[in-house]
Amino acid sequence: MPIGIMRRLVLAIMGLMILAPIGIMVYQSFLDAPFFDANAKFSLWAYRFVLAEPDFWKALTTTALLAVGMTAIAVPLGALLAFLITRTDMPGRSWVEPLLLVPIFLSPLVLAFGYVVSMGPVGFITVWWKSAFGSEFWNIYSFSALILIAGLTHAPHVYLYASSALRALPGDLEEAARMTGATPRRVASDVSIPMIRPALAFSGVLIFFLGFEVFGLPLILGDPQGLLVLSTYLYKLTNKLGVPSYQLMAVVVMVILLIALPLVLLQRILLRTAQRYVSVRGKAVRTNLVRLGQWRWPAFGLIAIWFIGTVLIPMMGLILRSFVSSWGLGINLFDVLTLDNYVELFDDTEVVHAIINTVLIATVGGALSVGCYVLIALAQHRWRSGWTRISDYLVMLPRAMPGVVAGLAIFWIFLFVTPLTPLRTTLFAVWIAYTLVWLAYGLRLVQSSLLQVAPELEEAARVVGAKEGRAMRDITLPLIKNGMVAAWMLIVLIFVREYSTAVYLLGPGTEVIGSLVVSRWGGGAVDLVTALSCVNVVLITVGLLVAIRSGVKLHG
Amino acid sequence: MAELVVEHLKIRLGGIEILKDVSLELNRGEITALLGPSGSGKTTLLRSVAGLEQPYDGRILVGGKPVFDGAKSLNVPTEARGLGFVFQSYALWPNRTVEANVAYALKLRGVAASEQATRVAKTLDSLGLGKLGHRYPHELSGGQQQRVAIARSLVYQPTVVLLDEPLSNLDAKLREEARAFLKELIMRENLAALMVTHDQAEALAVANKILLLNGGYVEQAGTPEEMYGAPKTLFTAEFMGSNNRLNGTIKTVSGQRAALDVAGTAFDGMARCGDKPGGAEGSGVIRLEAVHLVEGAGANRMQFELVTSMFLGSHWEHVFRGHGLNVRAHHRGALQPGQHWLEFPAEQLWIF
Ligand SMILES: Nc1ncnc2c1ncn2[C@@H]1O[C@H](COP(=O)(O)OP(=O)(O)O)[C@@H](O)[C@H]1O
Ligand SMILES: [Mg+2]
């Protein structure tokens with residue numbers, strides 16, 4: 001088949017896969033009943049209903065406050081961590097860095113469970129605190145706790161961008177400032193900080209945007225007190241009127257998309273600016289570290305406290321809880337230690353399926369997804385045409401869809417397109433949703449390895465007689481093999497962790513760990529959820545170790 | 001008919017007119033050097049011939065057959081043009097051995113495996129790479145990589161080879177050896193070669209013909225001797241060698257000759273100024289080696305003060321100042337400080 005047709009075909013299929021779920025959302029939002037209802041008519045009723053709903057406005061304000069609050073915590077904290085690790089002589093910098101990235105790879109859902117079993121009303125720490133000092137001063141289910149936890153767990157995202165910007169800062173720039181007589185503090189405020197401002201601006205918008213996407217933390221921590229954000233409000237809407245209220249859900253989705261899309265666009269613009277700064281400066285050179293003097297250990301202490309609060313407390317609680325039969329005030333830990341929770345996991349066929357499915361979808365499904373991303377990236381590769389430009393923008397659409405929304409949209413597509421309906425209860429549906437949600441991310445991974453291929457290498461093949469498609473197959477593909485494997489490993493990690501995308505698709509045959517723990521937590525099965533979460537963490541850890549051993553760069 | 005013909009080629013890149021009207025002819029057994037300042041479009045011309053860039057007007061014929069014709073919207077794809085191309089970066093495929101790099105073109109042409117092996121071996125042998133077939137590109141020196149790139153472009157026996165600054169990635173010593181080798185190879189294989197360079201000395205040494213590009217047009221084309229010894233324009237004169245420039249006013253132009261007034265002294269020279277009227281501003285240009293040290297005054301002579309001297313191995317370069325001019329001259333020996341007379345022979349002084 002001629003290469004031009006192949007390119008168009010691949011991009012057209014991609015466009016369909018992106019536009020169909022969004023199209024069905026738009027369509028449904030303008031109906032006055034679910035789309036499968038024969039009496040459904042076009043109307044603005046659903047918009048009017050939702051916009052008149054006080055709960056909706058409350059959820060919207062809560063979401064906005066959460067997004068602002070977590071940005072205000074994560075950006076300064078992430079920038080500070082980055083500065084301490086990359087520019088100072090703080091002790092233990094080299095081994096602290098990988099630990100900083102841990103929260104990125106853990107599921108926020110799992111962290112939320114961990115916080116509940118550690119610091120909830122009858123959590124381990126709460127109980128011990130009570131027996132030692134009397135009643136505790138925190139409430140894990142409060143809005144401020146939610147904001148604080150969201151901020152702390154998102155700081156590593158900021159760290160990633162800030163640290164790579166700081167690393168690219170040439171030391172001679174700062175030294176030149178020192179030579180002209182600037183004090184170290186002036187150097188930081190006049191030279192270093194302005195240079196990484198684009199990276200900070202980008203990560204600020206990124207965190208704010210993620211604030212509109214978070215699902216696991218507010219679902220677990222906010223829900224018990226009736227604290228809803230848009231994504232959990234959407235989740236709770238499922239049965240608002242007693243019958244499935246699809247039209248209302250669609251309207252909420254439209255609101256989320258309308259907020260998220262501009263933020264995605266803004267991120268794209270800011271990322272370009274940030275990268276321009278990096279590329280202009282080129283290779284990093286030897287840099288003189290800022291001497292902290294007496295502040296060395298306090299700085300280390302700050303990072304230690306952050307790590308304990310963000311990773312150790314929830315993870316330790318989670319692990320401990322998975323090894324006890326019950327827990328509460330006045331219980332002696334050594335009386336309740338048990339392995340039963342894990343044994344019971346394997347008696348529960350749904351759980352066994354979920355584990356197998358998770359591994360399958362992450363490894364095999366992940367490989368297929370990377371295959372799709374490679375096809376799309378190759379279709380756009382060195383093709384100056386309207387198709388490439390439009391598809392570039394199309395890719396941003398699923399990026400603006402939080403996982404829950406994408407899962408819901410895929411669920412509806414499988415209902416709406418009746419020939420597809422039998423596939424809804426298979427892993428295929430979950431795989432499609434995952435592939436769609438992570439399209440922008442995966443595509444960027446593949447594109448960045450394609451960028452490493454010098455155009456002359458392909459042109460050389462053309463000159464000696466290879467057609468365009470042949471040159472891609474024989475020259476380009478083998479050259480990005482390592483990049484594809486690295487992309488696969490990162491996608492595996494992400495798919496193992498993923499939960500929100502699968503919640504609407506949960507059913508017999510489509511269980512994955514993430515969606516199953518959400519549903520079982522709702523049923524109060526703390527023993528099983530903590531054990532299964534630990535299994536999830538073990539899977540992620542194994543994947544992470546394999547990736548690190550293979551030399552995969554964990555941040556693209 | 002010439003093996004490669006380019007007629008009135010015009011190309012635009014990113015909205016900018018890069019080549020405005022370029023024509024050239026290239027015969028077998030001939031090396032044409034494409035010379036020009038950086039950014040003058042040399043690479044662009046080469047890539048257009050190879051079909052890697054698309055011109056919007058003009059014609060390109062290879063072996064008498066048109067491969068590009070702007071008027072007829074004909075544009076034969078790169079792979080069907082059958083040209084050899086040596087990239088400036090060599091563009092060797094890093095994941096393939098030397099043999100596999102060279103054999104790829106034959107594989108594409110459906111040549112049987114056994115014949116592939118013999119032809120690859122023969123090509124590698126002829127380039128002195130016989131024992132290196134199993135190595136990967138990164139295990140080779142710069143000079144060896146360059147030869148592999150050449151081998152890869154010759155193995156399918158194209159008649160036209162395009163070389164984009166093939167010597168620029170080699171260090172100075174290796175470069176001189178490589179250019180002799182390249183010239184000999186192209187003659188022996190009876191190829192028509194178009195070779196880009198930005199180094200005029202290299203062009204003079206290697207080429208049978210030089211094409212000087214400037215501002216999207218061919219500034220001047222000719223044999224190395226013509227380009228060096230009889231430049232038609234100021235640009236060519238300045239580009240092709242190291243010169244002195246004497247700025248003054250044109251007094252008279254009569255036939256081949258012109259007279260230039262420089263700081264009150266009259267100089268006779270070769271007229272290159274077209275029909276400039278008397279009294280117009282003019283420049284005299286003369287190669288450093290054409291300026292002679294002489295004893296005493298005379299026609300086309302002027303007295304200067306020696307400023308500094310540099311020993312260049314085979315000769316000296318002296319720098320003089322006087323009459324508001326800086327003049328450099330090559331001379332066999334050292335000089336005493338002080339005033340010296342310099343002669344600017346009329347046959348070698350071009351007046352623009
Ligand atoms: N793809 C392109 N888009 C826009 N301008 C280009 C492109 N490629 C080259 N140019 C411009 O064309 C001019 C000629 O480039 P090139 O042919 O590489 O010059 P040379 O090889 O003579 O140094 C340069 O000014 C360059 O910036
Ligand atoms: Mg060039």
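## Salt bridges within each chain

A:K130 is partly exposed, with a relative accessible area of 31%; buried here means under 20% relative accessible area, exposed means over 50%, and partly exposed lies in between (1.4 Å probe, protein chains only). This residue of the predicted model forms a salt bridge with A:E136, and the closest N and O atoms of the pair are 3.7 Å apart. A salt bridge is taken to be a side-chain nitrogen of Lys or Arg within 4 Å of a carboxyl oxygen of Asp or Glu. By this rule, 26 salt bridges are counted over all chains.

In chain B, the salt bridge of B:E17 with B:R12 has its closest N and O atoms 3.3 Å apart. B:E17 counts as partly exposed at 30% relative accessibility, and B:R12 counts as partly exposed at 44%. A further salt bridge joins the side chains of B:E238 and B:R245, at 3.2 Å from N to O. B:E238 is partly exposed at 34% relative accessibility, and B:R245 is partly exposed with a relative accessible area of 36%. In chain A, salt bridges that share partners join A:D348, A:E350 and A:R520 into one network.

## Basis of the model and its confidence

The model is predicted: local features need a pLDDT of at least 70, side-chain atom pairs count only at pLDDT 80 or more, and totals for chains, interfaces and linings use all residues. Residues are numbered from 1 along each chain as its sequence is written, chains are lettered from A and ligands numbered from 1 in the order in which they are written, and side-chain values use heavy atoms, with hydrogens and water left out.

The model scores ipTM 0.89 and pTM 0.91. Chain B has an average pLDDT of 94, and 100% of its residues score at least 70; pLDDT is the predictor's confidence in each residue, on a scale from 0 to 100. Where pLDDT is low, predicted coordinates should not be read in detail.

## The interface of chain A and chain B

The size of an interface is often given as the accessible area lost when the parts come together. Chain A and chain B bury about 1800 Å² between them, and 62% of this area is on carbon and sulfur atoms. On the chain A side, A:E459, A:V463 and A:V464 lose the most area to chain B, and together they account for 36% of what that side buries. Buried area is the accessible area (1.4 Å probe) that two parts lose on being put together, summed over both.

In terms of contacts (heavy atoms within 4.5 Å), 17 residues of chain A meet 23 residues of chain B. A:E459 forms a salt bridge with B:R47, at 2.7 Å from N to O. A:E459 is also among the residues of chain A that lose the most area to chain B.

## Helix α1 of chain A

Helix α1 of chain A spans residues 3–29 and has 27 residues. Helices (H or I, at least four residues) and strands (E, at least two) are DSSP runs, numbered from the N terminus. From its first C-alpha to its last, α1 reaches 39 Å, close to the 39 Å expected at 1.5 Å a residue; the expected span is 1.5 Å times one less than the number of residues.

A kink of about 30° lies in α1(A) at A:L19, shortly before the proline A:P21. The bend at a residue is the angle between axes fitted to the seven residues ending there and the seven starting there.

## Loop residues with positive phi

A:R382 has a phi near 50°, a positive value in a residue other than glycine. A:R382 is placed in the loop between α17 (349–380) and α18 (386–394) of chain A, and is partly exposed, with a relative accessible area of 42%.

In chain B, B:A91 is not a glycine, yet has a positive phi of about 50°. The loop that holds B:A91 runs between β7 (84–86) and α2 (98–108). B:A91 is buried, with a relative accessible area of 4%.

## Two buried residues of chain B

B:A290 lies in the loop between β15 (281–287) and β16 (292–294) of chain B and counts as buried at 3% relative accessibility. Leaving aside residues up to four places away in sequence, B:A290 touches B:E343, B:P345 and B:Q348. B:R257 is 33 residues from B:A290 along the chain, and their C-alpha atoms are separated by 18 Å.

B:D69 is in strand β5 (residues 65–69) of chain B. At 4% relative accessibility, B:D69 counts as buried. With residues up to four places away in sequence not counted, B:D69 touches B:G58, B:R59 and B:L74.
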